[in-house]
Amino acid sequence: MKKQDELVFLPLGGSGEIGMNFNAYGYGPEHDRKWIVVDCGVMFGRETSTPGVDVIMPDIGWLAEQRDNVLGIVATHAHEDHIGAIAPLWPMLRCPVYATPFTARLIEGKLEEAGLLGKVKLREVPVGGKLKLGPFALDFISITHSILEPNLLAIRTPLGVVAHTGDWKLDADPLLGEKTDEAAISKLGDEGVLAVVCDSTNALNPGASGSEIGVRDNLIKLVGTLKGRVAIAAFASNVARLDSAARAAMANGRRLCLVGRSMHKMVDAARETGYLRDLPPLANEEDAAELPPHKVLYLVTGSQGEPRAALARIAENNHPGVFLERGDSVVFSSRVIPGNEIGIFALMNKLAGRGIEVITADAHDVHVSGHPAQGELRQMYQWLRPQIAIPVHGEMRHMTEHARLAKSLQVPEALVPANGQLYRLAPGHAELIDEVPSGRMHMDGRILVAEGEGLAKARRAMAFAGLIVVTLVLDGKGRVAAETGLLTEGMPGSVEDAVREAVDEAARRHNPKKSDAEELRETVRRAARRAAQDAWGKKPVTRVTVIEL
Ligand SMILES: [Zn+2]
Ligand SMILES: [Zn+2]
């Protein structure tokens, strides 16, 4: 350890928002820091706010400029908000990627799809294993969540230990995979923890999140009461839930059939890494369709109302392999993620309208969250007793409540971080020392664009009030030489008429001695927008091109 060495924390995604987690830790003197990245995830675009954008990820340009000092990306677990951006952002960092086997298998699949498989050094760390990256020594400590192999990372440096929790809950019986290594966590606390960087998702919820074993029991009971075909909608990544669905099927004389590409991907990854060894044989869609209705249980993707997922297509009755009808049931073994209400309720309405019974998780306790409620957070702080609490993985309201809770538990300092802010972590104190360029990137079709380029914003504007395109032709002397071209999209005919009149009038008034082509373009643009505003109360996106002969 040199005198100028410092330990810094830089979130570039996932602070102040749920999604696209990207946390960097730096060590060394200010001008020669070595970095590790913990998680590299996406969040999903919304048709309303980012039309045409499927996924959003952090802008990591600042870190990419010093990629020779980035020693690796370490994934805590395999959820999309933690690994979804590895393939698209890896070309900017070109560093090795580390993960436990199940997570590594899923990353591998993504790299393969992106054509990066041979290029990326993807290294498996055993469950409960260790990893040395320059000045950082990491322990992977098993914890529980809603996916296989979630890890709390103990990040050891010469200046202290950071416990980076990743996503977690305390589930005494997670059904599959390791239990929380409570001994390792409390031992870490005994050694002394400088800072805890911790999941805030459920910091507003009192109590505890509940166990997968309870969900399993309730699913078995619930399926026993249902008569026709049953479809359970759940997140594909929750492999324990999938195993529970298999047991609910078996206990009730039904066969399980998985529907949706991501379900099969998860089962394959789990099997290849040693899980689900005693899963009963699955029925494929053809076999399931031949079974009597009371003999089949489907497990389907699309619980969030995603329009292209299996459940949406089943509800529309245009799924190629699965048919539901009056007397059948759909069980939502999932929660409504805030923001997805409209899509989910539309889906439920469609099912109900066709006489299919819709059963929600709340009514039968067939879902538990994978994130810590206040009781679990309390336990974590009792184990770790850090000098500094840093809530991440939450919106501002979650993180501030988490910070308040940490303070109430005698943590001396709680820091609510923001993306792009660089903090120095020193004994008993976290200090903001710099701000680096940050923001979001949109995966727009196949192209990664900066949010600041405004493509989604432009599409939103067109969605609100349509588009006007005017073409003017000027002769060599700058006079209007031909009839003005006008194209519009998405506006009532009467508005188009008013716009045409205004544009023609502005073109007729053009005097080449008084104004040039550029001024004419601006005059026409304003006239078109004003006419639309007067006739309609809205200002469309307006483009004017001037062709000079
Ligand atoms: Zn997460
Ligand atoms: Zn997660």
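A cavity is a set of points, on a 1 Å grid over the protein atoms alone, where a 1.4 Å probe fits but cannot get out; its lining residues have an atom within 4 Å of a point. The model examined here is predicted, local features need pLDDT of at least 70, side-chain atom pairs count only at pLDDT 80 or more, and totals for linings use all residues. Residues are numbered from 1 along each chain, and ligands are numbered from 1 in the order in which they are written.

The largest cavity is lined by 22 residues. Ile147, Leu148, Glu149, Pro150 and Leu176 lie nearest its centre. The lining divides into 10 nonpolar, eight polar and four charged residues. Here Asp, Glu, Lys and Arg count as charged, Ala, Val, Leu, Ile, Met, Phe, Trp, Tyr, Cys and Pro as nonpolar, and the others, Gly among them, as polar.

The second largest cavity has Asp167 in its lining, along with residues including His82, His164 and Asp199. This lining holds one nonpolar, seven polar and three charged residues.

Histidine 77 and aspartate 167 are 90 residues apart in the chain. Histidine 77 is buried (under 20% relative accessible area), at 1%. Aspartate 167 is buried too, at 2%.

How values were computed
Heavy atoms only, no water. 1 Å grid on protein atoms, 1.4 Å probe; cavity = no way out; pocket = protein on both sides within 12 Å on 5 of 7 lines; lining within 4 Å. Helix = DSSP H or I, 4+ residues; strand = E, 2+ residues; numbered from the N terminus. Buried < 20%, exposed > 50% of the residue type's maximum accessible area, 1.4 Å probe, protein only.
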